[in-house]
Amino acid sequence: MHRDSLAVGGRLAALGARDLLRQRRTIDAWPRSGDGTQAEVAGQTLRVFCSNDYLGLAHHPALASAQQAASAQLGAGSGASHLISGHSSEHHALEEELAAYTGRERTLLFSTGYMANLGVLGALVARGEIVLEDRLNHASLIDGARLSGARLLRYAHADAADAAERLAAHPNCTMLASDGLFSMDGDVAPLRELAAAALAQRAWLLVDDAHGLGVLGASGRGALELAGLDAASVPLLMGTLGKAFGSFGAFVAGDREVIELLQQQARTYIYTTALPPGVAAAARAALALSQRESWRRVQLQQRVDHFRNGAAALGLPLCASTSPIQPLIVGEDARCARLGAALFAHGFWVGAIRAPTVPAGAARLRITFSANHRVADIDALLEALASEWRAEFAS
Ligand SMILES: *Cc1c(COP(=O)(O)O)cnc(C)c1O
């Protein structure tokens, strides 16, 4: 194929014409030390409302010092994959602590959540089988199913009856997979009903709780705790360490046998370098802090409630979500981009999420909260939001 046939320039221009070019911004500093709610970008101080650092741990000094100590002792890099010489005592301890935390026999660390989902689906689902997924599942669950060679069927978002019907109609459906807390809508999957449907058809159930873990449930153990589901009902749980746990990496939790099979056969586990040991150490520190400091979850929910009450009073179109992910549906991509830019100019950094991350016509501001957010900053955000929203929709 001739390079011109890729039409790179034309494709970029087409994205630009549809307001779909994504911009990244370089952060030079985090002025409020240890708190992670303010970032300095090109000389401007932004109040950050788009991070997944829900418990406010990413900038906690305990994580940085654990990371430094482990790096000094075990190296800045792991030097190899887990099955060669990359598996350190920090990785091992983290796996055991995560198993205790999730109430499972074993866990296996992956370098990212994206890779964990590719690995699980690739190892457990065979070509010719069927994987059933929620229509709004995270891209990594979709890609994992595609890469496995299985046929991917999707059910209507959060519709357990639709899922059960499709499962019953396709006896060779071996895996049902769902986000626990949906990343772009902030709603929780109907996990009890999905678990019953999967059990009835003897299909695997994989719950990706990247956003729920550390946040949802009485003790923060995520969407499964909130739903009162144990390991017998949800045999496979994927969790990430880069969101509420403020570090990086991911894990899959399950029974001893299935985790051993993943260790033997998940290609994204085998053919990649293990996380740096310091990253595992930081995640251990976060896991301990998240359990010891339950005030973080309480304060996080207070901040979310404060925002929702304020937004409702201002007539902003809130979604049903009561989680730290608060979408405001804008509709058109161009409007959403303009609103995001206007808020940025006011010093508020929120997500302006457009297609293909969300369905066309459902572009949204995605506002996320941290336990460390100050009430005064939330009030200031609400004020700017209300005035920019009015200006945008008056035109
Ligand atoms: C963030 C996320 C992932 C990917 O995790 P990374 O560790 O960032 O690769 C997977 N699933 C869901 C639902 C997520 O939100």
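Predicted model: local features only at pLDDT ≥ 70, side-chain atom pairs only at ≥ 80, totals over all residues.

1. Let's begin at the ligand. Residues are numbered from 1 along each chain as its sequence is written, and side-chain values use heavy atoms, with hydrogens and water left out.

2. His211 places a polar side-chain atom 2.6 Å from an oxygen atom of the ligand. Tyr114 uses its backbone instead, with an N or O atom 3.0 Å from a ligand oxygen. For His138, a polar side-chain atom lies 3.4 Å from a nitrogen atom of the ligand. On its own the ligand exposes 380 Å², and the protein buries 83% of that; these areas come from the Shrake-Rupley method with a 1.4 Å probe, and for residues only the protein chains shown count as cover.

3. The ligand takes up the space of the second largest pocket. A pocket is worked out on a 1 Å grid over the protein atoms alone, as an open set of points with protein on both sides within 12 Å along at least five of seven lines. A molecule sits in a pocket if more than half of its atoms lie within 2 Å of its grid points.

4. Now the charges. How many salt bridges does a search of the whole structure find? The search turns up 14, each being a side-chain nitrogen of Lys or Arg within 4 Å of a carboxyl oxygen of Asp or Glu. One of them pairs Asp377 with Arg32 at 2.8 Å, N to O. This pair links distant parts of the chain, 345 residues apart: Asp377 is in helix H15 (residues 375-394), and Arg32 is in the loop between strand E1 (27-29) and strand E2 (38-41). Both Asp377 and Arg32 are buried (under 20% relative accessible area; exposed is over 50% and partly exposed in between, with a 1.4 Å probe and protein chains only).

5. Glu97 and Arg284 also meet in a salt bridge, at 2.7 Å from N to O. Glu97 is partly exposed at 29% relative accessibility, and Arg284 is partly exposed at 25%.

6. Next, Glu105 and Arg256: their closest N and O atoms are 4.0 Å apart in a salt bridge. Glu105 is in the loop between H4 and strand E4 (106-110) and Arg256 in helix H10 (residues 256-265), so the bridge ties together parts 151 residues apart in sequence. Buried or exposed? Arg256 counts as exposed, at 51% relative accessibility, whereas Glu105 is partly exposed at 46%. Elsewhere, Glu332, Arg335, Arg338 and Glu392 are linked in a salt-bridge network.

7. Some backbone geometry to check by eye. Ala355 and Pro356 are joined by a cis peptide bond, with omega about 5°; Pro356 lies in the loop between strand E12 (348-353) and strand E13 (363-368). Ala158 is not a glycine, yet has a positive phi of about 60°, and lies in the loop between strand E6 (151-155) and helix H7 (160-169). Arg202 also has a positive phi, near 55°, in the loop between helix H8 (191-200) and strand E8 (204-208). Arg202 is exposed, with a relative accessible area of 71%.

8. Last, a pair for the fold. Ala99, in helix H4, is buried at 7% relative accessibility. Ala99 and Phe251 are 152 residues apart in sequence, with their C-alpha atoms 9.7 Å apart in space.

Technical notes. Helix = DSSP H or I, 4+ residues; strand = E, 2+ residues; numbered from the N terminus. Polar contact = N/O pair within 3.5 Å; in protein donor to acceptor, adjacent residues only side chain to side chain. 1 Å grid on protein atoms, 1.4 Å probe; cavity = no way out; pocket = protein on both sides within 12 Å on 5 of 7 lines; lining within 4 Å.
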